[in-house]
Amino acid sequence: MDGKSEKSAGELNMKSCKFLLILGVLVILNFINAKVLFSKDMAPEKPDIFLPSVVLEVEDLSVKNIVAPLPEEEILTPDINFPLPDEEELKISETALNIEPMPFTVEPALATKKGKLRTNTTLGVGTLNNFYSYISLYSFATKPEAKLIYEHETADGFSGKPSSIGYSVRSDDVQAGINYKMNRLNIEGESGFNEIERGLQEESAYFSKINRFIEFNANVSYNISDRLGLFGKIENRFDSQRLTGGVVPYDGKIEYCVSPSVKVEYKLKNGTIGFKGYFGYRGVSGDKDLSLNRFSVGSYFDFNISDKDSIKGGVDGYWNSANTSYVPFYIGVQSTVNEFLSVSGEGGYRLIINDLYRVFKDFPYVDIPTTLSDSTEWYLNAGAMWIASEKWVFTSRIEFSRFYNKPGFNTNLTPNGLFEVGEYDGKMLSGNLGVRWILNDIFSARFRFTALSGDVPENMNQLEGMVNLEGISKNGKFGGTSEVEYSMNRINNEQIPQFNLGAFYRINDYFTFSLEANDILQPIFNKKRYSFYPYLDRGFFLTIKTSVNF
């Protein structure tokens, strides 16, 4: 080996050592931090952020989990988002079908101007003792880039019930992030705090249920060369549940989860191959049965077969300390039929990691489960995008899955007035359709549905559907949205559709006003709106918001 090759090899080893050193330091600091935090009382007698009970907030107030990337110059601020389909939404090559509920917002996106600091403040008030506030700060054009976001919303007095007796919800959310780039090295850090308090609506001896979610995450990536990259990630989460206002103290739980992972990726001429490893730990205070260790290794690829066709796939080997093992895999294809039509399809066997975090987020009125396994699904999905003309764009996706050990809840209430958590098997069919029409103004429409069958609880929705229509003037000066949602289960099959309307008007680049009217049909038909029977949802309410951007 000549001197030049030795020098090149030495530089390569030195760069790899630097990456591993940084990742090792993050792991060590993470466990030190976990030990300190886990030893502290994560559930004080009173929440750190105390708000009067006259303004307490709802599960269905569409509290957004804002996970916005750090903005770059000349991009759209994520502070005010009018959800029209964009280029990313029209892509159809995702690993799995994603049919998350659409946020009901009516504010337009505003382009930022060059500067080092961008801010957005939104204040809103409404019926049902509703109060909303949102503040965001983004620092960019300097190193490191950073963000800070705070969001708060409260409501009290669902479906005509008096305030201050537990028909309420409050949510507080704080997120912070930092991003530092240096040549081939990129370091990202994010932390978040979210607390949701739900009134128990006289169904329990306790007044309310508080869930708290705290997370610290770090990502490190290093490009050894133009083709070879190393990636490291570590996620930390503290999740807790406690009940307030009862005579008998509630034995709440604190969950701590940590999951470091590494990945090596190599870019070929016509694609990418990668290898990855994962370790996960779940510990629950005072409950060894819920503690679990997870291990996984795997590989993946993504190749361009031709200029118009591509194929991707991957396989993992998974094992946990409950002596359960799986071999999840997927294979997918995408083809551009012509310049106007593209199609894709994917199928496989996937693993869903279940923790208390997922249970508490998905099901608002459940007690702490006694057992919690990971879920698996056989799935098959297909999608298409058709550009009919420069004015019309159509998108569609559909997926069928057969799931096992999916968390859910039954109709039985525990002595605490909460639902029992169980694990169920069944089938699910879900899909969505979208259309975008650009004339003098811009219009869009979406349709989404989900249907469940099999061994699923009576109290869980068997059928859900949503139709969303939106319009915005080309200059972004004004716009509006309408939305109809319908859900049905074997207990509450007489619920009326939920009809929402919204509109906004932008005075200038700095000030925007909006009005939202939610569940308009509820008072007309004089029907109660249930979240999960017997727990009520808010029903009809109005909200006025003012946004200020600088």
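**Notebook: salt bridges, strands and a surface patch**

I began with Lys-233, which is partly exposed at 34% relative accessibility. For my own reference, buried means under 20% relative accessible area, exposed means over 50%, and partly exposed lies in between (1.4 Å probe, protein chains only). Next I looked up the partner. Lys-233 makes a salt bridge with Glu-235, and their closest N and O atoms are 3.1 Å apart. I count a salt bridge when a side-chain nitrogen of Lys or Arg is within 4 Å of a carboxyl oxygen of Asp or Glu. Glu-235 is also partly exposed, at 29%.

A note on the source: this is a predicted model, where local features need pLDDT of at least 70, side-chain atom pairs count only at pLDDT 80 or more, and totals for chains, interfaces and linings use all residues. Residues are numbered from 1 along each chain as its sequence is written, and side-chain values use heavy atoms, with hydrogens and water left out.

**Confidence**

I checked pLDDT, the predictor's confidence in each residue, from 0 to 100. The chain has a mean of 81, and 77% of its residues reach 70 or more. Residues 3–15 fall below 50, and this stretch has 4 contacts in the model beyond near neighbours in sequence. A contact means heavy atoms within 4.5 Å. Residues 25–114 also stay under 50, and here the model has 242 contacts beyond four places in sequence. Where pLDDT is low, the predicted coordinates should not be read in detail.

**Whole chain**

I then took the overall numbers. The chain has 4 helices and 25 strands. These are DSSP runs numbered from the N terminus: helices are H or I with at least four residues, strands are E with at least two. Of the 550 residues, 46% are buried. I also looked at contacts between residues at least 6 apart in sequence: 61% of them join residues at least 24 apart. The accessible surface is about 27,000 Å², and carbon and sulfur atoms account for 60% of it. Accessible areas come from the Shrake-Rupley method with a 1.4 Å probe; for residues, only the protein chains shown count as cover.

The structure holds 19 salt bridges. I followed two further pairs.

Asp-355 pairs with Arg-282, with closest N and O atoms 3.4 Å apart. Asp-355 sits in the loop between S14 and helix H3 (356–362), and Arg-282 in strand S9 (residues 271–284), so the pair ties together parts 73 residues apart in sequence. Asp-355 is buried at 8% relative accessible area. Arg-282 is buried at 2%.

Glu-377 pairs with Arg-350 at 2.8 Å between the closest N and O atoms. Glu-377 is in strand S15 (residues 375–387) and Arg-350 in strand S14, so this pair ties together parts 27 residues apart in sequence. Both Glu-377 and Arg-350 are buried.

I also noted a network. Salt bridges with shared partners join Arg-237, Asp-239, Arg-282, Arg-294, Asp-355 and Asp-374.

**Ser-208**

Ser-208 is in strand S6 (residues 208–223). Its relative accessibility is 1%, so Ser-208 counts as buried. I listed what Ser-208 touches, leaving out residues up to four places away in sequence: Glu-197, Arg-198, Gly-199, Leu-200, Arg-242, Leu-243 and Thr-244. The Ser-208 side chain makes polar contacts with the side chains of Glu-197 at 2.7 Å and Thr-244 at 2.5 Å. A polar contact is a pair of N or O atoms within 3.5 Å; within protein, one must be able to donate a hydrogen and the other to accept it, and residues adjacent in sequence count only if both atoms are side-chain atoms.

**Asn-500**

Asn-500 lies in strand S21 (residues 498–506). I find Asn-500 buried, at 1% relative accessibility. Its side chain reaches the backbone nitrogen of Asp-519 at 2.8 Å.

**Out at the surface**

Glu-339 is in the loop between strand S13 (329–336) and strand S14 (341–352). At 66% relative accessibility, I class Glu-339 as exposed. The C-alpha atoms of Glu-339 and Trp-386 are 9.1 Å apart, for residues 47 apart along the chain.

Last, I looked at a nonpolar surface patch. Phe-478, Tyr-505, Ile-507, Tyr-510, Phe-511, Phe-513 and Phe-550 form it, with about 670 Å² of accessible area together. Patches are made of residues with over 30% relative accessible area and no salt bridge; like charges are joined within 9 Å, nonpolar side chains (Val, Leu, Ile, Met, Phe, Trp, Tyr) within 5 Å. Phe-478 belongs to strand S20 (residues 478–488). Phe-478 is partly exposed, at 44%.
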